[in-house]
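Biologist: Could you take a close look at one strand of this model and at what lies around it? Please give the cut-offs as you go.

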Amino acid sequence: MRQRHEGQAGPPLRLTGLPPVVSPQTVVLVLGSFPGAASLRLQQYYGHPQNQFWRILSAVWPQHPLPQEPGAYAARCEWLLARRLGVWDVYGSCLREGSLDSAIRDAQVNDFGGLLEACPALAAVAHNGGESWRHHAAVRDSLATSARVPAAGQIGSVRLPSTSPANAAISFARKFDAWKECLARYGLV
């Protein structure tokens, strides 16, 4: 595919997402739609400074301070995994200009079939926003193709309010309450 630089005219570029952050102890998988431009540039989930993902989780577990120092992304991922929380996205690649979900075109859904092998403790998929939730049935069906089929049918799906800065209509307090309730339901709080 022909490469072009940001700011040049032309069709949208095919973007590739980030690998999952999961472990065998992952109980809840937070599933976004696709990383925004800032996250892709940094190669970090929820890298936009106005995204409330890290702030909400820090408030859920105040007794476990979130690593804040510059370059702390790897430590933040370890912090998530220690809380038995994983992160991934519905889409593995797509065409998109900017960061809005509404601009996503020609998206390729990630392969969730093998996820249960990497995450045998998985109990729920928490969809971070409406675009991710739109695919909850496909994610559930893909998980059901796993070798762990009986357990796949028992994996919960939860729609959470998006932590994106584009979701400013919902207050931080309402987002926090929904996220905390979800994580408590699965024994993470």
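Modeller: Val 28 stands opposite Leu 85, a residue of β3. This is a predicted model, in which local features need pLDDT of at least 70 and side-chain atom pairs count only at pLDDT 80 or more, while totals for chains, interfaces and linings use all residues. Residues are numbered from 1 along each chain as its sequence is written, and side-chain values use heavy atoms, leaving out hydrogens and water.

The partners here are strand β2 (residues 28–32) and β3, which pair in the parallel sense over 5 bridges. Two strands pair if DSSP finds at least two bridges between them. Strands (E, at least two residues) and helices (H or I, at least four) are DSSP runs, numbered from the N terminus. Strands of a sheet pair through backbone hydrogen bonds, either parallel or antiparallel.

Buried means under 20% relative accessible area, exposed means over 50%, and partly exposed lies in between (1.4 Å probe, protein chains only). In a regular strand the side chains alternate between the two faces of the sheet. Both faces of β3 are covered: Leu 85, Val 87 and Asp 89 are buried on one side, Gly 86 and Trp 88 on the other.

The buried residues of helix α2 (residues 53–60) are Phe 53, Trp 54, Ile 56, Leu 57 and Val 60. Viewed down the axis of α2, these residues fall within an arc of 160 degrees, so they line one face of the helix; the arc is that of the directions from the helix axis to the C-beta atoms. Their cover includes β3, β2, α3 (73–82), β6 (124–128) and α8 (172–185), where contact means heavy atoms within 4.5 Å.

Ala 82 is found in helix α3. With a relative accessibility of 53%, Ala 82 counts as exposed. Between Ala 82 and Gln 25 the C-alpha to C-alpha distance is 8.4 Å, although they are 57 residues apart in sequence.

On confidence, pLDDT is the predictor's score for each residue, from 0 to 100. The protein averages a pLDDT of 87, and 89% of the residues score at least 70. Over residues 1–7 the pLDDT is below 50, and this stretch has 8 contacts in the model beyond near neighbours in sequence.
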